[in-house]
Amino acid sequence: MSTPLADTTNPDLDLLYAVNGLAKRSPQWLDHLVSWIGEYGILIGLAMLGLVAWLQARRRPDAPVAMAGLLWVPLSVAVAELANLPIAAIVNRPRPFVDHPGLLVLVEGKEGTHSFVSDHSTMTMGVAVALFLVNRRLGWIAGGLAVLQGFCRMFMGVHYPTDVIGGFALAVAVVLLLAPIAMAVLVPFCLVSG
């Protein structure tokens, strides 16, 4: 009879192998497509969403507040990425393929870099949450792209699920906790320049 405490399965690793296993069974063109999307495509898509939000915000009655919120998007991502530097150094978690050579790695050049917290996941969720504060519809779309980003990073074999979740949590915390301060500083700036 087993008890929950005696359970030795690792859901983090199990989910990683399940998602990365899809890459092993996929045609090579799909692996290349998912790799490009996971490295660059989603970030480009988020930049386009930001441009659409910027163009829409300029015509809103609360344009200075909306513009300040959109200025907070890249600033919050930068702050989250800076916050990630000491976290990654302290946790010092190697990429999953270092300890688990059975994974299919679809992106080269990740050796010797930290796995926790996922930078891509932090960036994409930071954009999604900050954009949601300004434009809910575009924020939801960005949130969907952020979730897809996390899936792609596991599919590519470069992050554990907890790396992705950690990136999401870091981004949400930074964006929401610092948004009131950022808006207090950015709104007057947008009123003057507007």
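## Helices α1 and α6

In this predicted model, the axes of helix α1 (residues 11-25) and helix α6 (residues 136-155) come within 7 Å of each other and cross at roughly 80°, the axes being lines fitted to C-alpha atoms over the stretch in contact, with angles running from 0 to 180 degrees between N-to-C directions. The two helices are therefore roughly perpendicular, a label for angles of 65 to 115 degrees. On the α1 side L16, V19, N20, L22 and A23 meet F151, M154 and F155 of α6, where contact means heavy atoms within 4.5 Å. By class, this contact has seven nonpolar, one polar and no charged residues.

## Helices α3 and α5

Helix α3 (residues 63-91) and helix α5 (residues 119-134) have axes that come within 9 Å and cross at roughly 155°; α3 and α5 are therefore roughly antiparallel, the term for angles over 145 degrees.

## The chain as a whole

The chain has seven helices and zero strands, taken as DSSP runs (H or I, at least four residues, for helices; E, at least two, for strands). Its C-alpha trace spans about 65 × 40 × 35 Å along the principal axes, and 45% of the 194 residues are buried, meaning under 20% relative accessible area with a 1.4 Å probe.

## Basis of the values

Residues are numbered from 1 along each chain as its sequence is written, and side-chain values use heavy atoms, with hydrogens and water left out. Local features need pLDDT of at least 70 and side-chain atom pairs count only at pLDDT 80 or more, whereas totals for chains, interfaces and linings use all residues.

Terms used. Parallel < 35°, antiparallel > 145°, perpendicular 65-115°, else oblique. Nonpolar A, V, L, I, M, F, W, Y, C, P; charged D, E, K, R; others polar. Buried < 20%, exposed > 50% of the residue type's maximum accessible area, 1.4 Å probe, protein only.
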